[in-house]
Amino acid sequence: MSNREQIDLKRIPQHVAIIMDGNGRWAKQHGQDRSYGHQAGAETVHIIAEEAARLGIKYLTLYTFSTENWNRPSDEVSALMSLLIESIEEDIFMKNNISFRLIGQINKLPQDVQDRLYACVDHTAKNTGMCLVLALSYSARWEITDAVRNMATKVQRGEILPADINCDDIASHLTSSFMPDPDLLIRTGGEIRLSNYLLWQCAYTELYFCETFWPDFKAKEFQKAIYDYQQRERRFGKTSEQVS
Ligand code: IPE
Ligand code: IPE
Ligand code: MG
């Protein structure tokens, strides 16, 4: 039985977040430079987006470029920016009824990259299937800091009372406020860390780490992660008896 057949289509995670890691090491393994790895990684994005849409996942959030990644060598950063423009394939999104959205400090990206990304957001906005979200110039600590700043301004203006602030208010001030928290977070490439990704939202997310470098992470590996997720019992602090 293949992984796809083993998956219970009635218990598909609503939101899957992915830390797409390992492009550089994959390129090195193939005797190529890092940007070759990023190019190969962009192809994997399309494969996984199509597979996720097919399985009925509602939100797929891909960690594409972190705030910390701005500190990489400038030629790698420029190669990644160009790749963003080159590799957006609207026809794949239209064919699969995928809407495209962004989180992060998008205004930090070069203007031509912003224009290309927002054109795709607009073009796919009416699609009703899966929402594919790219996290760009994103860091969770930036996002939480920004939310705190916005809430403090509202307090100062007398629009909200400090004593009334609850978890939902904080969540509603995050850039991810339009989606539920991730049910499953996948990190490829062998590192066991979150690297400043969706820290607030992953409070109760199931974590899945694998060694495979992102360019080699194909539909079968993705299905394996979904299947693994479905074997777990999510207890949210309760006992097994309470949730079963
Ligand atoms: C992930 O792959 C892509 C980005 C962070 C932009 P890496 O470029 O981090 O690849 P490794 O971790 O060096 O192999
Ligand atoms: C995390 O990968 C960021 C993205 C995948 C976009 P990194 O390769 O930047 O993470 P660290 O530096 O190894 O933690
Ligand atoms: Mg990395």
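Student: Which strand gives the most to the shell around ligand 2?
Tutor: That's strand β2, residues 59-66, with four residues. Strands here are DSSP runs of E, at least two residues, and helices are runs of H or I, at least four, numbered from the N terminus.

Student: Before I go on, what am I looking at?
Tutor: A predicted model, where local features need pLDDT of at least 70, side-chain atom pairs count only at pLDDT 80 or more, and totals for chains, interfaces and linings use all residues. Residues are numbered from 1 along each chain as its sequence is written, chains are lettered from A and ligands numbered from 1 in the order in which they are written, and side-chain values use heavy atoms, with hydrogens and water left out.

Student: OK, which residues surround ligand 2?
Tutor: Ile19, Met20, Asp21, Tyr63, Thr64, Phe65, Ser66, Asn69, Arg72, Arg187, Arg193 and Ser195. Each has a heavy atom within 4 Å of the molecule.

Student: How does that shell split by class?
Tutor: Four nonpolar, four polar and four charged. Ala, Val, Leu, Ile, Met, Phe, Trp, Tyr, Cys and Pro count as nonpolar, Asp, Glu, Lys and Arg as charged, and the others, Gly among them, as polar.

Student: Which polar side-chain atom lies 2.8 Å from an oxygen of ligand 2?
Tutor: One from arginine 193. The side chain of asparagine 69 has an N or O atom 2.9 Å from a ligand 2 oxygen, and for arginine 72 the distance is 3.2 Å. I'm calling these polar contacts, meaning pairs of N or O atoms within 3.5 Å.

Student: How much of ligand 2 does the protein bury?
Tutor: 78% of the 390 Å² that ligand 2 exposes when taken alone. Those areas are Shrake-Rupley values with a 1.4 Å probe.

Student: Switching to ligand 1. What does aspartate 21 do there?
Tutor: Its side chain puts an N or O atom 2.8 Å from an oxygen of ligand 1.

Student: Which element gives the largest share of the ligand 1 shell?
Tutor: Helix α2, with three residues. By class, the ligand 1 shell has two nonpolar, six polar and four charged residues.

Conventions: Polar contact = N/O pair within 3.5 Å; in protein donor to acceptor, adjacent residues only side chain to side chain.
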